[in-house]
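Have the model open alongside and click through as you read.

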Amino acid sequence: MVLWIGTSWKMTKTQAEAIAFASRLRIAAAAGGWPGVQPFVVPPATAISVVRDALGPDSPIVVGAQNAHWEDAGAWTGEVSVPQVADAGATLVEIGHSERREHFSETDRTVNWKVRAVLRHGLTALVCVGEPAEVRAAGGAREHVLSQVAAALDGMPGGSRVLLAYEPVWAIGEKGRKPAIDEIAEVTQALDAEYGAVLTALLYGGSVSTANARDLLHTPGVTGLFVGRSAWDVNGYLHLLRIAADVAQEAGEVAAATAPR
Ligand SMILES: O=C[C@H](O)COP(=O)(O)O
């Protein structure tokens, strides 16, 4: 099992700041990296190509885009397409983050169109889902999230590379509430049962920090973390990667000790 540990920088970092971050990552990766962990970074579109370059050729670190349009090209002012972010160096595209659903009118339907575009071009789709606070309070979290995923993955070809990030809206950002493990497990267990066999990884996101990362990585069904604020400083991200590498190593040792001889 590989643990995917990624950070979206959202609308932060200049190119110089992005290069400085990526350069530190490159050095850490060359010094041994993080066995059992797949790191990924999702810069703003303006920094994808400089991050790709700063990480160097054959880097083990995946670079993503925070969004891409469902059309390949055309009169869509202000948008970028999947071929364009791929040209800049992205091999993964984040789709349907709650901030885009809330502020940029993304719907289950447009999320599905974008997933199809990303997979059509052979990139990895990182699909974000999560329930708002009022849905959680009314007891509908699991149904809400399962419905979002069903819509997003409708028509997905077999063998596609899809990561799912479960990010409850009430847990994200500065006003987010730190989640209890039980609250997350209720949803991640259901997602794992329904989609575990076809997903590359099931991530948790929302108020992840070095204090709760280990527990979150032990939540049923969770095979990675998607991090905002705690990983915007490279030292925070490197700390999270080390925690994940420890968890991966422990899991490997348990598996070896319990394997039939
Ligand atoms: O993309 C990441 C998520 O929105 C989580 O953000 P956060 O870690 O700052 O709460």
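## H1 against H2

In this predicted model, H1 and H2 come out roughly parallel to each other, because the angle between them is about 30° and angles under 35 degrees count as roughly parallel (over 145 is roughly antiparallel, 65 to 115 roughly perpendicular, and the rest oblique). Helix H1 covers residues 15-30 and helix H2 covers residues 48-55, and their axes sit 8 Å apart. Those axes are lines fitted to C-alpha atoms, for helices over the stretch in contact, with angles running from 0 to 180 degrees between N-to-C directions. The helices (H or I, at least four residues) and strands (E, at least two) are DSSP runs, numbered from the N terminus. H1 passes H2 in a right-handed crossing, meaning that the near helix is turned clockwise from the far one by less than a right angle.

Who does the touching? On the H1 side, the contact (heavy atoms within 4.5 Å) is made by Gln15, Ala18, Ile19, Ala22, Ser23, Leu25 and Arg26, and H2 brings Val50, Val51, Asp53, Ala54 and Leu55. Sorted by class, that gives eight nonpolar, two polar and two charged residues. Here Ala, Val, Leu, Ile, Met, Phe, Trp, Tyr, Cys and Pro count as nonpolar, Asp, Glu, Lys and Arg as charged, and the others, Gly among them, as polar.

## What H2 hides

Which residues of H2 are buried? They are Ile48, Val50, Val51, Ala54 and Leu55, where buried means under 20% relative accessible area, exposed over 50%, and partly exposed in between (1.4 Å probe, protein chains only). Their cover includes H1, strand E2 (37-42), strand E3 (62-65) and helix H3 (82-88). Just past the end of H2, Gly56 takes a positive phi of about 90°.

## H5 against H7

Helix H5 (residues 108-120) packs on helix H7 (residues 141-152) at an angle of about 45°, with the axes 8 Å apart. That angle makes H5 oblique to H7. From H5, Asp108, Val111, Asn112 and Val115 meet Ser147, Gln148, Ala151 and Ala152 of H7. The class count for this contact is four nonpolar, three polar and one charged residues.

## The loop between E1 and H1

Thr12 belongs to the loop between strand E1 (3-8) and H1, and it counts as partly exposed at 23% relative accessibility. Its side chain reaches the backbone oxygen of Trp9 at 2.7 Å. Leaving out residues up to four places away in sequence, Thr12 touches Pro44 and Trp232. From Thr12 to Asp53 you go 41 residues in sequence and 19 Å in space, C-alpha to C-alpha.

Lys13 is in that loop between E1 and H1 too. Lys13 has a positive phi of about 80° although it is not a glycine. For context, most residues other than glycine have a negative phi.

## Around H3

Ser81 is in the loop between E3 and H3, and is buried, with a relative accessible area of 3%. Not counting residues up to four places away in sequence, Ser81 touches Ala68, His69, Glu71 and Asp72.

Val85 is found in helix H3 itself, and at 3% relative accessibility Val85 counts as buried. What does Val85 touch, not counting residues up to four places away in sequence? The list is Ile48, Ala65, Asn67, Ala68, Val80, Ala90 and Val93. Thr46 is 39 residues from Val85 along the chain, and their C-alpha atoms are separated by 9.9 Å.

His97 is found in the loop between strand E4 (92-95) and helix H4 (98-103), and counts as buried at 6% relative accessibility. The side chain of His97 makes a polar contact with the side chain of Glu167 at 3.1 Å. A polar contact is a pair of N or O atoms within 3.5 Å; within protein, one must be able to donate a hydrogen and the other to accept it, and residues adjacent in sequence count only if both atoms are side-chain atoms. Setting aside neighbours within four places in sequence, His97 is in contact with Lys10, Cys128, Glu167 and Ile172.

Ser207 lies in the loop between strand E7 (201-205) and helix H9 (213-217). Ser207 counts as buried at 8% relative accessibility, and has a positive phi of about 55° although it is not a glycine.

## Ground rules

Residues are numbered from 1 along each chain as its sequence is written, and side-chain values use heavy atoms, with hydrogens and water left out. Since this is a predicted model, local features need pLDDT of at least 70 and side-chain atom pairs count only at pLDDT 80 or more, while totals for chains, interfaces and linings use all residues.
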